[in-house]
Amino acid sequence: MQRHTWILLIVLALISVMVALNLGRYAISIPEACGIVLDSCGIKGILPPPTERSAIVFWNVRIPRIIMAFAVGCGISIAGVVFQAIFRNPLASPDILGVSAGCAFGAALSIVFFNGIAMAGIQGSAFFFGILAVSLTYLLGSRSWDKSTAVLVISGIVVSALFQAGLSILQYISDPYDQLAKIMFWTMGSFQVSTWEKVQITLPIIIIGSIILGVFGWRLNIMTQDEKDILSLGIDLKRWRMLYLGVGTLIVAAAVSTVGDIRWVGLIMPHIARFIVGTEHKKLVPAAGLLGGSFLLFMDTFARTATTAEIPISIITSIFGAPFLAYLVLKRVGGASKVDH
Amino acid sequence: MTIEITNLTAGYGKEPVLKNINIRIDQGKICALLGHNGSGKTTLINCLNALIKPSRGRVTVMGKDISRLDRVHIARLISVVPQSSYSVFNFPVLDMILMGSASRLKAWASPGRKEKQKAYRVMEEVGISGLATARYNELSGGQQQLVLLARALFQDTPLMLLDEPNSHLDFCNQHRIMQLMSEMVKIRGITAIITLHDPNLALYYCDQIIMLKEGEVVDQGLTEQIMNENNLRRALGENISIDSTMVGLPVVVPRNLCDCFDEHLLKKEAARNAM
């Protein structure tokens, strides 16, 4: 892959950050943003001093939201690459093992039964049930004599269906004027809830997980092969599958438990990244991360600026994501990719 | 290097596929596993590669008990060429071949310049250097098989297992793969075990033959000693003959084809006499 492709991906990420900074109910121009940063570092006099209001909006509202949107997009896209490789299925998405359904159930449970609970409580419950759902999927899959990924997928469908049913029951019994709206808003996802406190909890999991998946990225090439071939090439299939899926699940659970369900990003970003940098996973993992982060940041900026009321993020990602995937399928460009050695 | 299989009983369910077999394969030889469908050839290959745990007996390669080794160490000893392999993601040929370096690399490492140079050398040996950037899924069956062969050679192991590598190939490609294998065995001094359906390929290219029937060894030894009608009929069925071509090359053919050929020759002879 040419160096300029990486430069373009980094420039795209920077543009997404600048656009996100600049747009919104309280617009902050780039010179103003630079002024705020310099002022915070104690460097004064180079740029006009920022107003107190713009500094508060910049540090307490815009920056945590930008970091959260970019990190979640990055993490979910990387997890998407990993899940598509492990399940040898280009249509696999990070919630294939039931993590999203588990998180949604956990969040709804805390909203219904612990009314008035702090956001951190909802996040903790969502995270716990997300991990519990995936653990149940593993447990169910490991009871079968067939150790292939197909059994894991079926187990994931079963566990997802059970948690979805649980979520429906919770929605049915919830207070329609308060709790139901909260559940609906949570399940459709939003970055409105981004705070420094949440960034501090979520960001380390996404960063460390993404680094681990990036470092062990090359072996994902082999994980896409037939199971017998993987073993013959010297890969301990069980151990490596556990590592990739475990880390991928942690990233997705951390992201979804914080900002709600984010649809399509984990499915389409790996395809676009594959089209740009090729099928080699050592390059694919960081490229998908940069693209996913930029995409979700653009989508979040659109979600909060398109109308006076904020649109849930999953609606926006579905509107933009689904037609794009259809385009890729019709043009058959998803499987093709660049070659460079 | 010697491969020894001792009192091996293995299978997939309660009923064993391989029943108490004993095999010895010498170093630097190309050895064919012959037998009809369901005779246990692929099961034997899977046992050799430790993909199946035998219920009894043991497999040793270079004196090492395969069941006691982890996947990395097995992959340093044994490489496998499967019947065919479909890649979900359409990797370039070079990337497919580089996968063969996994057992040599640290868990976090990826192939560097040295590995890539080595991969190019192997591609040259196999005659596919022009395909380095081609997409694996867009190649013909024969070319894909050569890529899998190159990947196994790139893995650089003393033992290669080839599980019916010719099953999807045309006549010319079948011979091309076998010629390549017999050259590689000579050049590299490696041992190759290859499951075949065509006894002629075993006859022409293999030094040693093991004939299997219903999970038991019918006979094993050097090709010239083993390839006789009696053994072939015991392993492959009654309807087998060994004939000779016009240039004296022996060929294994179904007996009714021999009869047809004889009939044809008699008719030709009669027509010549009538003239």
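A crossing of two helices is called left-handed if the near helix is turned anticlockwise from the far one by less than a right angle, and right-handed if clockwise. The model described here is predicted.

**Helix pair in chain A**

- Helix α3 (residues 52-86) of chain A packs against helix α11 (residues 237-259) of chain A at an angle of about 150 degrees.
- The axes of α3(A) and α11(A) lie 9 Å apart, and their crossing is left-handed.
- On the α3(A) side, the residues that meet α11(A) include Met68(A), Val72(A), Gly75(A) and Phe83(A).
- On the α11(A) side, those that meet α3(A) include Arg241(A), Tyr244(A), Gly248(A) and Val259(A).
- The residues of this contact between α3(A) and α11(A) comprise 14 nonpolar, two polar and one charged.

**Arg219(A)**

- Arg219(A) is located in helix α9 (residues 219-223) of chain A.
- Arg219(A) counts as buried because 24 other C-beta atoms lie within 10 Å, and the cut-off for buried is 20 or more.
- Leaving aside neighbours within four places in sequence, Arg219(A) is in contact with Ile235(A), Trp240(A) and, in chain B, Ala102(B).
- The C-alpha atoms of Arg219(A) and Ala85(A) are 10.0 Å apart, although 134 residues separate the two along the chain.

**Contact between chains A and B**

- Chain A gives 27 residues to the contact and chain B gives 28 residues.
- On the side of chain A that touches chain B, the elements giving two or more residues are α9 and α10 (227-232) of chain A.
- The largest share of that side, four residues, is from α10(A).
- The residues on the side of chain A that touches chain B are ten nonpolar, nine polar and eight charged.

Note on methods. Residues are numbered from 1 along each chain as its sequence is written. Chains are lettered from A and ligands numbered from 1 in the order in which they are written. This is a predicted model: local features need pLDDT of at least 70, side-chain atom pairs count only at pLDDT 80 or more; totals for chains, interfaces and linings use all residues. Axes are lines fitted to C-alpha atoms, for helices over the stretch in contact, and angles run from 0 to 180 degrees between N-to-C directions. Two residues are in contact if their C-beta atoms, placed from the backbone, lie within 7 Å. Ala, Val, Leu, Ile, Met, Phe, Trp, Tyr, Cys and Pro count as nonpolar, Asp, Glu, Lys and Arg as charged, and the others, Gly among them, as polar. A residue is buried if 20 or more other C-beta atoms lie within 10 Å of its own, exposed if 12 or fewer, and partly exposed in between; C-beta atoms are placed from the backbone.
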